[in-house]
Amino acid sequence: MHPAPVTYVHAVWLGLLQGLTEFLPVSSTAHMDVVPQLFHQRDPGAAFSAIAQLGPIIAIVLYFWSDIGRYIKGIIRTRTPRNVAADDLDARLGWYTLLGTIPIIIFGVLLEKKIDTSFRRLPVVAASLILLGLVLWVSEIIGKKRTKLDQMTMADSQVVGWAQVLALVPGASRSGVTITAGLFRNFDRETAARFSFLLSIPAITAAGLYKLLKSLKAGGLAGAAGPGIVAAVVAGLLAYVVIRWFLGYMKEHNTGIFIAYRILAGLAILWLLHAGTIKEKPVKRNAAVISAARLASRPPNSAPLRS
């Protein structure tokens, strides 16, 4: 199935959806896979998605721009984590963010094919929404919520960083799993959300630029450039608003509304899939697999296949 041409109206709609869900613990991937189907819209393709994702990346970099600058200076100043003084918060948070990103980069490379195929099946997405929503619920009950950002340890940051690997399963939600891990480490909710966002900066930037480079290499940006840029602008503007709102929300509220939403959304996906309202995306197969399938389906004594 070839990607559908994306109109500018469609691009605005997809940009709003991407920007609204990218940084909330509800899984943007699940929404981008399912919601367009409800409106009978086809997959806009990897090239469009790669461009559109640049908007939220720019939004979160701009929001944390001054923090990023201080953390980078802290990393350069200390050179290694061992040289960081206990009272050098900027260097500590810089190293915590950098080192906490390593696990998801490693597993992202190792599991790339599964992420785009078997992991992306809608029952997997639905199960991830429900199960990790329940785990978030448990973390709200168990977590002491007393650790502030300046009290975080290297062990805390590594636990959250390794939890981020679960975000490679669509439906898990990158912010969802990192906030959950933070609550299990007794972070207060604002600290859990803030470190989740800080940790997302290198992770989503690396993933977004990697997808963009792959699309450029494949030569698929020509038709997607205009609508993709429109979607990126819309997604970036809304994502900036969502980041600001969510950090303020987490100062005074728990994650109960997102837990309930995740469970209901997961159940809805399973029901819609069973009813045939939404369908699985066809899995792309490589040329060798396709050739083998064609060969197996040939009748005996038929003429050789031609490419």
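Me: Which handedness does the crossing of H8 and H13 have?
Reply: This is a predicted model. The two helices are H8, residues 122–142, and H13, residues 256–275. The crossing of H8 and H13 is left-handed.

Me: At roughly what angle do the axes of H8 and H13 cross, and are the helices roughly parallel or roughly antiparallel?
Reply: The axes of H8 and H13 come within 8 Å and cross at roughly 160 degrees. Angles over 145 degrees count as roughly antiparallel. H8 is therefore, relative to H13, roughly antiparallel.

Me: Where does Thr-255 lie, and is Thr-255 buried or exposed?
Reply: Thr-255 sits in the loop between helix H12 (225–252) and H13. Its relative accessibility is 0%. The cut-off for buried is under 20%, so Thr-255 counts as buried.

Me: Which residues is Thr-255 in contact with, leaving aside neighbours within four places in sequence?
Reply: Thr-255 belongs to the loop between H12 and H13. With neighbours within four places in sequence set aside, its contacts are Leu-136, Glu-140 and Met-250.

Me: Which residues of H8 meet H2?
Reply: H2 spans residues 28–38. From H2 come Ala-30, Asp-33, Val-34 and Gln-37. On the H8 side they meet Leu-122, Val-125 and Leu-129.

Me: Which residues is Met-32 in contact with, leaving aside neighbours within four places in sequence?
Reply: Met-32 is a residue of helix H2. Leaving aside neighbours within four places in sequence, Met-32 is in contact with Leu-14, Leu-17 and Gln-18.

Me: Is Gln-18 buried or exposed?
Reply: Gln-18 is found in helix H1, residues 8–21. Its relative accessible area is 9%. Buried means under 20%, so Gln-18 is buried.

Me: Which side chain does Gln-18 join in a polar contact?
Reply: Leaving aside neighbours within four places in sequence, Gln-18 is in contact with Ser-28, Met-32, Pro-56 and Ala-235. Its side chain also takes part in a polar contact of 2.4 Å. The partner is the side chain of Glu-22.

Me: What angle do H4 and H11 make, and which handedness does their crossing have?
Reply: H4 covers residues 54–63. H4 and H11 pack with their axes 9 Å apart, at an angle of about 150 degrees. H4 passes H11 in a crossing that is left-handed.

Me: Which residues of H4 make the contact with H11?
Reply: H11 contributes Phe-197, Ser-200, Ile-201, Ile-204, Thr-205, Gly-208, Leu-209 and Leu-212. The residues of H4 are Leu-54, Ile-57, Ile-60 and Val-61.

Me: Ala-206 is found in H11. What is its relative accessible area?
Reply: The C-alpha atoms of Ala-206 and Ile-105 are separated by 8.2 Å, and the two residues are 101 apart along the chain. Ala-206 is partly exposed because its relative accessible area is 39%.

Me: What is the phi of Arg-79, and what is its relative accessible area?
Reply: Arg-79 is found in the loop between helix H5 (65–78) and helix H6 (89–110). Arg-79 is not a glycine, yet its phi is positive, about 70 degrees. Arg-79 is exposed, with a relative accessible area of 70%.

Me: Where is Lys-145, and what is its phi?
Reply: Lys-145 has its place in the loop between H8 and helix H9 (154–163). At 23% relative accessibility, Lys-145 counts as partly exposed. Lys-145 is not a glycine, and its positive phi is about 60 degrees.

Me: How many helices does the protein chain have, and what share of its residues count as buried?
Reply: The secondary structure comes to 14 helices and zero strands. The chain has 307 residues. The share that count as buried is 45%.

How values were computed:
Residues numbered from 1 in each chain as written. Predicted model: local features only at pLDDT ≥ 70, side-chain atom pairs only at ≥ 80, totals over all residues. Heavy atoms only, no water. Helix = DSSP H or I, 4+ residues; strand = E, 2+ residues; numbered from the N terminus. Buried < 20%, exposed > 50% of the residue type's maximum accessible area, 1.4 Å probe, protein only. Polar contact = N/O pair within 3.5 Å; in protein donor to acceptor, adjacent residues only side chain to side chain. Contact = heavy atoms within 4.5 Å. Axes fitted to C-alpha atoms, helices over the stretch in contact; angles between N-to-C directions. Parallel < 35°, antiparallel > 145°, perpendicular 65-115°, else oblique. Left-handed = near helix turned anticlockwise from the far one by under 90°.
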